[in-house]
Amino acid sequence: MKPFCHEFLEVLVSVLHNSPKHLVPVILQTMGDIAQAMGPTFKTCLTVVGQELQQITSIVTTPNLPLEMVEYIIAIRMGILDAWDGIILSYKGDSDANQLQPFIGPIFQILHIVSLEKNRDEGLIRSSMGVIR
């Protein structure tokens, strides 16, 4: 599978914005899984995937949203955190881990958003802890 990871990521990024909404969290989680599987070779994809994650982080909840929409946003946030977790793990033990530096702010931004979320569930907290560890 490793030889095809770049192509998988390209397809996932290209379909992310045009996918049915129930697939978006899964696509995000899959990006993290692929990053982890790629290991150090993920470096070439970091900028594109990191910018996508940063852009999606801007989705916000409001007090009057229907429960279904709140649950969807929570699922997206879990997907973002799972993606960052996989990306961070792909750099484990790599001397180029400093390439993550431009994304430290966005990573802390999503963690801060989750810390303020009144509707967070166990899965969202677990995904947050995966990034922090």
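**Close-up views of side-chain contacts**

**View 1. Salt bridge between D85 and R133.** In this predicted model, the side chains of D85 and R133 meet in a salt bridge, with 3.0 Å from N to O. D85 belongs to helix α4 and R133 to the segment after α6 (122-132), so the contact ties together parts that are 48 residues apart in sequence. By the rule applied, the count of salt bridges comes to six.

**View 2. Salt bridge between D94 and K43.** The closest N and O atoms of D94 and K43 are 3.4 Å apart. This pair links distant parts of the chain, with D94 in the loop between α4 and α5 and K43 in the loop between α2 and α3 (46-56), 51 residues apart. D94 counts as buried at 13% relative accessibility, and K43 is partly exposed, with a relative accessible area of 25%. Both residues also take part in a network of salt bridges that links K43, D94 and D96.

**View 3. K21 with E68 and Y72.** A salt bridge joins the side chains of K21 and E68, at 3.6 Å from N to O. K21 counts as partly exposed at 39% relative accessibility, while E68, at 58%, counts as exposed. The charged end of K21 also sits over the ring of Y72, 5.1 Å from the ring centre.

**View 4. Aromatic pair of W84 and F103.** A search of the whole structure finds one aromatic pair. The ring centres of W84 and F103 are 5.6 Å apart and the ring planes are at 45°, so the pair is tilted. W84 lies in helix α4 (residues 67-90) and F103 in the loop between α4 and α5 (104-116), so the pair ties together parts that are 19 residues apart in sequence. Both W84 and F103 are buried.

Notes:
Residues are numbered from 1 along each chain as its sequence is written. This is a predicted model: local features need pLDDT of at least 70, side-chain atom pairs count only at pLDDT 80 or more; totals for chains, interfaces and linings use all residues. Side-chain values use heavy atoms; hydrogens and water are left out. Rings of Phe, Tyr and Trp (its six-membered ring) pair if their centres lie within 6.5 Å; planes under 30 degrees apart count as stacked, over 60 as edge-to-face and the rest as tilted. Helices (H or I, at least four residues) and strands (E, at least two) are DSSP runs, numbered from the N terminus. Buried means under 20% relative accessible area, exposed over 50%, partly exposed in between (1.4 Å probe, protein chains only). A charge sits over a ring if NZ of Lys or CZ of Arg is within 6 Å of the ring centre and within 35 degrees of the ring normal. A salt bridge is a side-chain nitrogen of Lys or Arg within 4 Å of a carboxyl oxygen of Asp or Glu.
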